[in-house]
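Hello,

Here is the structure I promised to hand over. Please open it alongside this email; my notes follow below.

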Amino acid sequence: MTIEDVSSRLGISKSRIQRYLKKGLIRRHSSSIKPYLTNANKKTRLKWCIDMIDQGLLDDPKFKDLFDFVFIDEKWFYLHQKSERYYLLPEEDEPHRTCKNKNYIPRIMFLCVVARPRFRDGECVFDGKIGCFPLVTFEQAIRRSHNRLRGEQVIKPIQSITREVIRDFMINRVLPAIRAKWPREDVHKPIFIQQDNAPSHLKVDDPQFCEIAKQDGFDIRLICQPPNSPDFNILDLGFFRAIQAIQYSKNAKTMKDLIPVVQQVNDHPFVCFNTIKILRQ
């Protein structure tokens, strides 16, 4: 895994290893762990891809444009990173950051909802950003502390994300946001909300969701992507990474600051551009 290891195993100098690398006789390779796929998983993934082909174009088959798809997923956003890099003046004091436990950095889970952006004559008519909803509750502080006064509003992250919590957010936050932002010319067409197979997510035939999803002339349906397939969701492919890259540069100090920072970053033009790039790929 290192030049020194290769040198000791082959019994040659490290400088010769470097020359071999330049000549292409030895190559570097970074290996990352991939999702484990059973034969059933592979068949399901293949069927999913085939279903994404537009059946009306048999002479010139093409993949669907996904303009009728909405992607949702949850993501933990941390107040700060375990390790951060700073550029300082020679006489400047080094930042001193403390935490009781590095595995318990303050964090909030967000439910992000996006769709494919749309353009007309080179102008963006729908940016695809439907919403970024923090999974939190707001309570009044029972006691006074050096951080807040008694009775002041306190943000409490929802630590246990159950199906009931997701149902409440889907019905009261996601569906109204889709109805408010969806292009008017496509309201009469079916809209598919693609989610992964997390146990907390709703079943595709959830009666409460299905009843409300049919209101106001909309036809909103739930579908589940293939198991063990995070690479089939635009959010996992790069949307979350784009948000986090900008969010850490905003330097939120408290949990109260983290919510508007993530929501503002969600509207950043770079995030929209990154979404378009990945969907085209």
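**What I found**

The disulfide count comes to 0. Please keep in mind that this is a predicted model. Cys-99 is partly exposed, at 38% relative accessibility. Cys-124 is also partly exposed, at 34%.

Helix 1 covers residues 3–10 and helix 2 covers residues 14–23. Their axes come within 9 Å and cross at roughly 105 degrees. Angles of 65 to 115 degrees count as roughly perpendicular, so helix 1 and helix 2 are roughly perpendicular to each other. Helix 1 brings Ile-3, Glu-4, Val-6, Ser-7 and Leu-10 to the contact. Helix 2 brings Lys-14, Ile-17, Gln-18 and Leu-21. By type, the residues of this contact are 5 nonpolar, 2 polar and 2 charged.

**The cores**

In soluble globular proteins, nonpolar side chains tend to be buried together. Here is how that looks in this model. The largest nonpolar core has 32 residues. Val-70, Ile-193 and Phe-209 have the most contacts inside it. Which of them gives the most? Helix 4 does, with 9 residues.

Leaving aside neighbours within four places in sequence, Val-70 is in contact with Val-113, Val-114, Ala-115, Ile-130 and Ile-178, among others. The list also includes Trp-182, Ile-191, Phe-192, Ile-193 and Gln-194.

There is a second, separate core of 29 residues. Met-52, Val-136, Phe-240 and Val-261 are among its members.

Arg-45 is in helix 3 (residues 39–51). Is Arg-45 buried or exposed? Its relative accessible area is 17%. Buried means under 20%, so Arg-45 is buried. Apart from neighbours within four places in sequence, Arg-45 is in contact with Leu-37, Pro-226, Asn-228, Ser-229, Asp-231 and Phe-232.

Phe-232 sits in the loop between strand 9 and helix 6 (234–250). Phe-232 counts as buried too, at 19% relative accessibility. Phe-232 and Trp-48 are 184 residues apart in sequence. In space they are 9.6 Å apart, C-alpha to C-alpha.

**Two loop residues with positive phi**

Asp-121 has a positive phi of about 55 degrees, although it is not a glycine. Asp-121 is in the loop between strand 3 (118–120) and strand 4 (123–126). At 80% relative accessibility, Asp-121 is exposed.

Asp-216 also has a positive phi, near 60 degrees, and is a residue other than glycine. Where is Asp-216? Its place is in the loop between helix 5 and strand 9. Asp-216 counts as exposed, at 60% relative accessibility.

Best wishes

Technical notes: Residues numbered from 1 in each chain as written. Predicted model: local features only at pLDDT ≥ 70, side-chain atom pairs only at ≥ 80, totals over all residues. Heavy atoms only, no water. Disulfide = S-S within 2.5 Å. Buried < 20%, exposed > 50% of the residue type's maximum accessible area, 1.4 Å probe, protein only. Axes fitted to C-alpha atoms, helices over the stretch in contact; angles between N-to-C directions. Helix = DSSP H or I, 4+ residues; strand = E, 2+ residues; numbered from the N terminus. Parallel < 35°, antiparallel > 145°, perpendicular 65-115°, else oblique. Contact = heavy atoms within 4.5 Å. Nonpolar A, V, L, I, M, F, W, Y, C, P; charged D, E, K, R; others polar. Core = buried A, V, L, I, M, F, W, Y, C linked by side-chain atoms within 4.5 Å.
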